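Hi,

Here is the structure I promised to pass on.

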Amino acid sequence: MNLRPKLRSPPAASPPNSTKPTPMKMPRKSLLRPTLVLASLLSLLVFYSFVLHSPPNYRSATSIDAAVDNRNALSLHRADKVKIYMYDLPRRFTYGVIESYAAARGGELVTDDALLKYPGNQHSAEWYLFSDMNRPSEERIDSAVTRVMDREEADLFYVPFFSSLSLVANPIRSAAANGTSDKIVYSDEQTQEALMDWLVEQKYWKRNNGWDHVFICQDPNALYKVIDRVKNGVLLVSDFGRLARNQASLVKDVILPYSHRINTFKGDVGLDNRKSLLFFMGNRYRKEGGKIRDLLFQLLENEKGVIIKHGAQSRESRRAATQGMHTSKFCLHPAGDTPSACRLFDAIVSLCVPVIVSDYIELPFEDVIDYRKIAIFVDSTSATKPGHLVKLLRKLSPEKILKFQKELLKVKRYFEYEDPNGTVKEIWRQVSQKLPLIKLMSNRDQRIVLHDLAEPDCSCICSNQTGVHTAL
């Protein structure tokens, strides 16, 4: 069988002079040609319409839209932040305080504020917060608060008075008070009163009875003259040692760490170079709250492996303290005139495990830091029993001490004021969390009828005075 396909022969061509039409051939040509022409015209029309009517620089338009979207997203991000307005106080309350402090100590007159240097001390948080608020907004993207220049936009108002530096601006108060000094006498009390005179004239101070204002008074005695007039505000303090229960509270205020006075330990965790068991250097004799120090000196000064020294603030003392903290496993933190002191934060940045003997201490940033992981708490009654403290420390294994050190390494950034991701950022986060309470108290004030009461009513949000003893 032949499986090859049969090839069809092409149709025979018509004779040239034939009048017989060729079936279907001429009509096919006549339909195809106009169709092609019409399609071509339509294509050209679409092409020219696109060219003539499409927006020029199509990529740029897309980029602009994307930029607008980014700006909108950034605006929404800012909208989520707490808006804070920093008062532009008269110069006497900020740079003027630095100038007066320097003048009282024989410093040269500096006319350019940008060249004035805030003196380094444990209460320098007021300078760091002021400086942070003056930074460009693009450098503060990660902050929980955003500075606004329009008071109507503000949720909170920051009063940047250098209250702690003002307290110590005059080195010898008695001489100034007796008029024996021929220099211009700086008065902290007069400056506090002048601040209040200025503040009460501000519309926004009156509007919410001061609830939405933020004051820094890190020194225990800062703002002591006017504290009852600013107590509604958010107080930035180091502890409640000098404040009454109707003046300050954990609920409305923020606990700040002192600025550490010794150099940060740059090494890693380890015990090889930490030969001393326990270290303390500071004033032995303090006021009522710090009487425990003298008892601890008596118990510990002859203990093997314990270095406990009396020392006042000086460069030599700081050098000795740096050496002692960097080479000891544990650093003692007894209460002073108030429950806390910068020595605790010196220990933390030294990776020297703090031993806290202070029954009423309040600690900064406790919502993010579990201090049980970085410190040992001993109540004062137990700490003053002969042999108890050193026995407790000596029984801790090297592994346990290393675990403490590793946790200290994790959290020490919270106590570094110069770290962009450190103390200042955390303070503003804490402040921002007070806003719901501030709104509650402001609204409540608008409808409360004030009465003379023998005892504070429920608007008194008391501080923590439980005296709970926490031991290892």
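Below is what I found, topic by topic.

First, the ground rules. This is a predicted model, so local features need pLDDT of at least 70 and side-chain atom pairs count only at pLDDT 80 or more, while totals for chains, interfaces and linings use all residues. Residues are numbered from 1 along each chain as its sequence is written, and side-chain values use heavy atoms, with hydrogens and water left out.

Cysteines

There is one disulfide in the structure (a pair of cysteine sulfur atoms within 2.5 Å). Cys 331 and Cys 352 make it, with 2.1 Å between their sulfur atoms. The link is right-handed, with 105° about the S-S bond. Cys 331 sits in strand E9 (residues 328-334), and Cys 352 in the loop between helix H12 (343-349) and strand E10 (353-357), so the bond ties together parts that are 21 residues apart in sequence. For the labels: helices (H or I, at least four residues) and strands (E, at least two) are DSSP runs, numbered from the N terminus.

Both Cys 331 and Cys 352 are buried. By that I mean under 20% relative accessible area; exposed is over 50%, and partly exposed is in between (1.4 Å probe, protein chains only). Cys 217 is buried too, at a relative accessible area of 4%, and Cys 342 likewise at 6%.

Two leucines with positive phi

As background, most residues other than glycine have a negative phi. Leu 351 has a positive phi of about 60° without being a glycine. Leu 351 belongs to the loop between H12 and E10, the loop that also holds Cys 352. With 0% relative accessibility, Leu 351 counts as buried.

The other one is Leu 223, whose phi is positive and near 60°. This leucine is in the loop between strand E4 (213-216) and helix H9 (227-230). Leu 223 is buried as well, with a relative accessible area of 2%.

H4 against H16

Two packed helices are described by the angle between their axes and the distance between the axes. Helix H4 (residues 125-133) packs on H16 at an angle of about 80°, with the axes 10 Å apart. Axes here are lines fitted to C-alpha atoms, for helices over the stretch in contact, and angles run from 0 to 180 degrees between N-to-C directions. That makes H4 and H16 roughly perpendicular (65 to 115 degrees; under 35 is roughly parallel, over 145 roughly antiparallel, the rest oblique).

Which residues of H4 and H16 meet? From H4 they are Tyr 128, Leu 129, Asp 132 and Met 133, and from H16 they are Val 424, Ile 427 and Trp 428. Contact means heavy atoms within 4.5 Å.

H16 (residues 423-432) also includes Ser 432. Ser 432 counts as buried at 14% relative accessibility. Leaving aside neighbours within four places in sequence, Ser 432 touches Val 82, Ala 144 and Val 145.

Thr 322

Thr 322 is part of helix H11 (residues 315-326) and is buried, with a relative accessible area of 14%. Thr 322 and Phe 265 are 57 residues apart in sequence, yet 8.6 Å apart in space, C-alpha to C-alpha.

Cheers
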